[in-house]
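User: Hi, I have a protein model open and would like a quick tour. Can you take me through it?

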Amino acid sequence: MYKIMLIDDDVPMLKYLEKLVQWNSLELTICAATYSSLKALHLFCKTLPDIVISDIGLPQMNGLELAEKFREIKPDVRMIFLTCHEDFYYAKRAVQLGADEYLIKDELTSEQLEKSLRKSLQHLKNSRDNLELYSFRETIQKNRDILKQNFLDQILVGRNIEDLIGYGKRLGIHWDFPEFIVGISFIDFSSLPEKYNLRDLPVIKYGILNIAEELAQNVEGMTTILDKEQNFYIILNFRYSISRNIFEEYYRYIVHLQQRVKEYLKITLSFLYSESIIRRPDLGIEIFKLSKSRYQAFYNDSTICRLNPNLRNKWNFNSNELLKSLGSTLMKAYDNNDLPTMIKTINELEALSIEKWINPIQFKENGERWIHIMEVKSGISIKKDDFIYFLKHSFKLKEVILLLKNKTSQLVCCLEDKQYDSKKKPKLQEIDQYIIEHLSDNISSADMANFLFLNPSYFSRYFKKLAGENFTDYIHRFKMKTAEKMLQEKEESIEIIASRLGYSDRTYFSKIFKKHTGYSPGEYKSRQTDSIHSRRQEGIIF
């Protein structure tokens with residue numbers, strides 16, 4: 001039996017976790033459960049659990065800090081984090097701490113938790129089954145990626161690959177067969193959620209590599225490796241066999257990788273891979289060719305493309321001249337603060353690029369220059385490092401187009417922000433009054449923005465700055481405070497109160513109420529009734 005420890009400062013949640021799954025059926029036993037982070041540290045030292053499920057938002061010492069302490073005491077402990085906050089900062093730290101899962105409390109189900117536990121158990125079993133390899137793995141773990149990069153670099157500079165086979169084996173790279181398929185993967189930067197930024201890129205790539213390596217364990221001869229420029233290569237070494245469709249196997253792997261990265265990191269990956277089978281002596285040359293040919297995928301809508309060695313770049317040599325007219329239209333629309341025309345012009349740029357086979361590098365250079373001119377004209381100080389990096393490293397037309405649309409929209413909204421007189425900005429009292437007058441409605445941020453005659457995107461950013469939380473959370477909190485008063489003062493059913501506050505589903509209303517108060521509406525109402533009876537009795541005594 002493996003030992004598991006539960007930590008959550010919400011006692012009802014702790015009890016819920018204890019009953020959520022059949023622990024014995026998973027070969028697990030709960031050795032400790034506590035709501036205190038300080039007590040958790042003491043219990044961990046005493047019981048040394050194999051798996052810990054911990055809330056992140058703990059008082060005194062949060063779950064991430066606790067995990068670091070646990071790892072110092074027992075390096076092989078498996079961590080599963082719970083939180084109410086879907087924030088990439090937490091996910092990033094969880095990845096850095098080697099967490100098996102990062103789960104949102106409000107969405108937690110027994111099936112989801114059981115799946116996470118099985119994943120942790122598999123890690124534990126694999127670790128025990130391969131104990132004899134632990135010392136070697138531990139020794140090279142910290143330098144593994146650097147050593148792999150050096151290995152790939154030796155191949156790229158032309159060193160005889162036969163001389164490197166032994167070195168590769170010590171790194172877990174077993175290239176025992178004469179033939180290869182090589183592919184390169186690149187991130188669709190336009191798919192990055194807003195909470196990601198350039199500083200997060202190393203962690204994102206680390207996360208992608210972890211997923212790729214985990215999937216590669218199921219494919220004989222598959223190697224995933226980053227070069228010094230953080231280009232991500234997928235190399236399959238194989239022996240030819242009539243019974244094995246090697247390209248189909250390779251394709252299946254990259255599709256699975258693409259799906260898993262999308263599921264866990266919310267990021268889209270694109271791939272370009274060799275059309276022909278590569279012999280071992282030619283591997284370095286072919287990897288170099290692949291890296292230099294990635295713009296072959298620029299006008300291909302598919303996220304998985306084959307490299308065609310016979311296809312030469314047919315970019316239009318007159319690309320800058322072709323782009324000039326639409327570039328001028330874009331600048332004029334920006335001067336007029338006309339976002340719809342700007343978006344329309346960018347769509348026309350996309351159509352022109354496809355029709356005239358515009359040089360991708362020149363297109364991106366023009367895009368960078370247009371954005372720079374807009375920033376200079378606006379006088380707004382916006383850190384542009386992220387945008388410039390993402391634009392330069394984009395290898396799909398649709399990716400570049402979306403990045404340009406997002407950036408121009410951001411610039412226009414920031415310009416509106418600057419031009420909007422702070423004395424005319426709506427105050428919370430005005431917003432609160434609107435909510436009070438529309439309590440029974442399901443008010444969205446777009447509704448409020450329309451009422452205030454503001455751009456919805458601008459309103460969302462402004463409100464977050466004004467109230468310290470997003471509008472949806474604010475609405476829920478406002479309505480739950482009202483619900484508390486109604487439960488205290490009115491003899492009305494929970495269904496009627498939910499309806500008057502714009503919640504047609506009582507179950508959803510109860511879930512939100514409990515999230516904000518710690519009690520279900522029925523429990524809260526009962527507690528208030530008991531409190532009133534108690535005060536009345538005290539009044540009689542005195």
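**A quick tour**

Analyst: Let's begin with the surface. The protein exposes about 28900 Å², and carbon and sulfur atoms supply 50% of that area. Keep in mind that this is a predicted model.

User: How many of the residues count as buried, in percent?

Analyst: Of the 542 residues, 47% count as buried.

User: And how many helices and strands are there?

Analyst: The secondary structure comes to 23 helices and 11 strands. As for contacts with a separation of 6 or more, 69% come from residues 24 or more positions apart.

User: Let's pick a helix. Which residues of H3 are buried?

Analyst: H3 covers residues 63–73, and its buried residues are Gly 63, Leu 64, Leu 66, Ala 67 and Phe 70. Seen down the axis of H3, they fall within an arc of 150 degrees, so they line one face of the helix.

User: What happens at the start of H3?

Analyst: Asn 62 has a side-chain oxygen there that reaches to within 2.9 Å of the backbone nitrogen of Leu 64.

User: New topic. Where is Trp 175?

Analyst: Trp 175 sits in the loop between helix H8 (165–170) and strand E6 (179–187).

User: Why does Trp 175 count as buried?

Analyst: Trp 175 counts as buried because its relative accessibility is 2%, and the cut-off for buried is under 20%.

User: What does Trp 175 touch?

Analyst: Leaving out residues up to four places away in sequence, its contacts include Phe 151, Ile 155, Phe 180, Thr 223 and Arg 280. The side chains of Trp 175 and Thr 223 are joined by a polar contact of 3.1 Å. In sequence, Trp 175 and Thr 223 are 48 residues apart, while their C-alpha atoms are 9.0 Å apart in space.

User: You mentioned Arg 280. Which residue does Arg 280 meet in a salt bridge?

Analyst: Glu 162 is the partner, at 3.2 Å from N to O. This pair links distant parts of the chain, 118 residues apart. Arg 280 lies in the loop between strand E10 (278–279) and helix H11 (283–292), and Glu 162 in the loop between helix H7 (144–156) and H8.

User: Are those two residues buried or exposed?

Analyst: Arg 280 counts as buried, at 13% relative accessibility. Glu 162 is partly exposed, with a relative accessible area of 43%.

User: How many salt bridges are there in the whole structure?

Analyst: A search finds 20. Among them, Arg 506 pairs with Glu 495, with the closest N and O atoms 2.7 Å apart. Asp 8, Asp 55 and Lys 105 are linked in a network of salt bridges.

User: Last one. What is the phi of Glu 27, and of Asn 337?

Analyst: Glu 27 has a positive phi of about 65 degrees, although it is not a glycine. Asn 337 is not a glycine either, and its phi is positive at about 55 degrees. Most residues other than glycine have a negative phi.

User: Where do they sit?

Analyst: Glu 27 is in the loop between helix H1 (11–20) and strand E2 (28–34). Asn 337 is in the loop between helix H12 (319–335) and helix H13 (339–356). Glu 27 is partly exposed, at 40% relative accessible area. Asn 337 is partly exposed too, at 27%.

Methods:
Residues numbered from 1 in each chain as written. Predicted model: local features only at pLDDT ≥ 70, side-chain atom pairs only at ≥ 80, totals over all residues. Heavy atoms only, no water. Buried < 20%, exposed > 50% of the residue type's maximum accessible area, 1.4 Å probe, protein only. Helix = DSSP H or I, 4+ residues; strand = E, 2+ residues; numbered from the N terminus. Arc of directions from axis to C-beta. Polar contact = N/O pair within 3.5 Å; in protein donor to acceptor, adjacent residues only side chain to side chain. Contact = heavy atoms within 4.5 Å. Areas by Shrake-Rupley, 256 points an atom, 1.4 Å probe, with all protein chains shown as cover. Salt bridge = Lys/Arg side-chain N within 4 Å of Asp/Glu carboxyl O.
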